[in-house]
Amino acid sequence: MPTNEEKAAFAQRLVLALRRSPEPVSGPTELALRFNLRFGGDPVSAQTAHNWLAGRTIPTDDKLLILAKWLKVDQHWLHYGDSPTKRASTKGQSDKKIAAKPSPETIRLAVKIQNMPARWRYLVEELVDRVDQDLE
């Protein structure tokens, strides 16, 4: 059974994924309606969607799969957050010192990324993370 902290963390990831979605969702009623359009099983109520967003419950695996596909995120990430291997590999990264002053090209790229909509910044971050993992 998930702990309250796990449920709250799931809710934060769901809200983040919804925010990054090309189809913004304004609340639990809209979440339930859009989810039910994609789900072949029994429909979920607005109350159920509210419980997901409030961190009171975590959906079952079949519902998590639909949410992940719809929101274009990894199902494992949506349910549990980063995998243990990713956490271990990125644990010391915040402690790394930048070896040199950023070049003008690096600064221009950072500004372009910063000016992107949130969902595109997320994609760039995911791409950089995957390339970084491949280089390790």
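The legends below describe close-up views of a predicted model.

**View 1. Helix α1 and its buried residues.** Helix α1 covers residues 4-20. Its 17 residues should span 24 Å at 1.5 Å a residue, and the end C-alpha atoms are 24 Å apart, which agrees. The buried residues in α1 are Lys7, Phe10, Ala11, Arg13, Leu14, Ala17, Leu18 and Arg20.

**View 2. The packing of helix α1 on helix α3.** The axes of α1 and α3 (residues 46-54) lie 6 Å apart, and the helices pack at an angle of about 105°. Because angles of 65 to 115 degrees count as roughly perpendicular, α1 is described as roughly perpendicular to α3. On the α1 side the contact involves Phe10, Ala11, Leu14, Val15 and Leu18, and on the α3 side Trp52, Leu53 and Ala54. Eight residues of this contact are nonpolar, with no polar and no charged ones.

**View 3. The crossing of helices α2 and α4.** Helix α2 (residues 28-38) and helix α4 (residues 61-71) cross at roughly 100°, and their axes come within 10 Å. This angle makes α2 roughly perpendicular to α4. Leu31, Arg34, Phe35 and Arg38 of α2 meet Lys63, Ile66, Leu67 and Trp70 of α4. The residues of the contact comprise five nonpolar, no polar and three charged.

**View 4. The largest nonpolar core.** This core has 23 residues, and Leu14, Leu31 and Leu78 are those with the most contacts inside it. Two or more residues come from each of α1, α2, α3, α4 and α5, where α5 is residues 75-80. Helix α4 gives the largest share of the core, six residues.

**View 5. The surroundings of Leu31.** Leu31 of α2 takes part in the contact with α4 and is among the core residues with the most contacts. Leaving aside residues up to four places away in sequence, Leu31 touches Leu14, Leu18, Val25, Ala49, Trp52, Leu53, Leu67 and Trp70. Of these neighbours, Leu14 and Leu18 are buried residues of α1, Trp52 and Leu53 are in α3, and Leu67 and Trp70 are in α4.

**View 6. Asn51 in helix α3.** Asn51 is located in helix α3. Its relative accessibility is 17%, so Asn51 counts as buried, the cut-off being under 20%. Asn51 touches Arg56 and Thr57, with residues up to four places away in sequence not counted.

Note on methods: Residues are numbered from 1 along each chain as its sequence is written. This is a predicted model: local features need pLDDT of at least 70, side-chain atom pairs count only at pLDDT 80 or more; totals for chains, interfaces and linings use all residues. Side-chain values use heavy atoms; hydrogens and water are left out. Axes are lines fitted to C-alpha atoms, for helices over the stretch in contact, and angles run from 0 to 180 degrees between N-to-C directions. Helices (H or I, at least four residues) and strands (E, at least two) are DSSP runs, numbered from the N terminus. Angles under 35 degrees count as roughly parallel, over 145 as roughly antiparallel, 65 to 115 as roughly perpendicular and the rest as oblique. Contact means heavy atoms within 4.5 Å. Ala, Val, Leu, Ile, Met, Phe, Trp, Tyr, Cys and Pro count as nonpolar, Asp, Glu, Lys and Arg as charged, and the others, Gly among them, as polar. A nonpolar core is a set of buried Ala, Val, Leu, Ile, Met, Phe, Trp, Tyr and Cys residues joined through side-chain atoms within 4.5 Å. Buried means under 20% relative accessible area, exposed over 50%, partly exposed in between (1.4 Å probe, protein chains only). The expected span of a helix is 1.5 Å times one less than its number of residues.
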